[in-house]
Amino acid sequence: MSGTLELRRAVPADAEAVRALTRQAYAKWVPLIGREPKPMEADYDRAVREHRIDLAYQDGALAGLIETITRPDHLLIENVAVAPSWQGRGIGRALMAHAERLAAGELRLYTNKAFAENVALYLKLGYRIDREETLPVGVAVHMSKAVV
């Protein structure tokens, strides 16, 4: 990455930008699984109001985002999306590190088993596979990481 990654919390006016970035980031998975992944279909007007969405800007451009949901016993990472032109430059890792700073105790996430590169990244970042869940649309891999 060149320059400093700037993070700011999304506000309702950002919902369309969140939607657009997420759709761009997840588009590469559509041919692999034959449908739009769940984050492409989410209601981001609602999510911006109800969840924490942090936007990552690099060199003035919206490069990525992370959506988290506080649960009583963990912080759930609901969505991590990096704009295609920024993928492979450490934005996703920086967003995951940001989530670690927000968490108190445990982070959890889930991803499609078909997204092997995502599973591999999360394993490299210290997450463990807790279980796999067979769903009508594929297999969800549930992962977690303890943070101090």
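1. **Around H74.** H74 touches I69, E106 and R108, leaving out residues up to four places away in sequence; contact means heavy atoms within 4.5 Å. The model is predicted: local features need pLDDT of at least 70, side-chain atom pairs count only at pLDDT 80 or more, and totals for chains, interfaces and linings use all residues. Residues are numbered from 1 along each chain as its sequence is written, and side-chain values use heavy atoms, with hydrogens and water left out.

2. **Where H74 sits.** H74 lies in the loop between β3 (61-70) and β4 (75-82). Helices (H or I, at least four residues) and strands (E, at least two) are DSSP runs, numbered from the N terminus. H74 counts as buried because its relative accessibility is 12%. The cut-offs are under 20% relative accessible area for buried, over 50% for exposed, and partly exposed in between (1.4 Å probe, protein chains only). The side chains of H74 and R108 are joined by a polar contact of 3.4 Å. Such a contact is a pair of N or O atoms within 3.5 Å; within protein, one must be able to donate a hydrogen and the other to accept it, and residues adjacent in sequence count only if both atoms are side-chain atoms.

3. **β7 and its partners.** Which strands pair with β7 over seven bridges? One is β5 (residues 106-112), which pairs with β7 (residues 138-146) in the antiparallel sense over seven bridges. Here T111 stands opposite V141 of β7. Another is β6 (residues 128-135), also antiparallel to β7, with seven bridges. In that pairing, R131 has H142 of β7 as its bridge partner. L135 is bridged to G138 in β7. β6 and β7 form a hairpin, with two residues between them. Two strands pair if DSSP finds at least two bridges between them.

4. **Helix α4.** This helix (residues 91-102) has twelve residues. From first C-alpha to last, α4 reaches 17 Å, close to the 16 Å expected at 1.5 Å a residue. The expected span is 1.5 Å times one less than the number of residues. Its buried residues are I91, G92, L95, M96, H98 and A99. Seen down the axis, they fall within an arc of 155°, so they line one face of α4. The arc is that of the directions from the helix axis to the C-beta atoms. The cover over these buried residues includes β1 (6-9), β2, β3, β4, β5 and α5 (116-124).

5. **Helix α1.** α1 has twelve residues and reaches 16 Å from its first C-alpha to its last, close to the 16 Å expected. Buried in α1 are A15, V18, L21, T22, A25 and Y26. They cover an arc of only 135° around the axis, so they are on the same side of α1. Elements covering the buried residues of α1 include α2, α3 (44-50), β2, β3 and β4.

6. **Aromatic pairs.** The count is two aromatic pairs. W29 and F115 form a stacked pair, 4.2 Å centre to centre with 25° between the planes. The rule takes rings of Phe, Tyr and Trp (its six-membered ring) with centres within 6.5 Å; planes under 30 degrees apart count as stacked, over 60 as edge-to-face and the rest as tilted. W29 lies in the loop between α1 (15-26) and α2 (30-33), and F115 in the loop between β5 and α5, so the pair ties together parts that are 86 residues apart in sequence. W29 counts as buried at 9% relative accessibility. F115 is buried too, with a relative accessible area of 4%.

7. **D59.** Please look at the backbone here. Phi of D59 is near 55°, a positive value in a residue other than glycine. Most residues other than glycine have a negative phi. D59 lies in the loop between β2 (52-58) and β3. Buried or exposed, D59? D59 is exposed, because its relative accessible area is 51%.

8. **E6.** This residue is found in strand β1. E6 is exposed, with a relative accessible area of 53%. Leaving aside neighbours within four places in sequence, E6 is in contact with L55, A56 and Y57. E6 and A61 are 55 residues apart in sequence and 9.8 Å apart in space, C-alpha to C-alpha.
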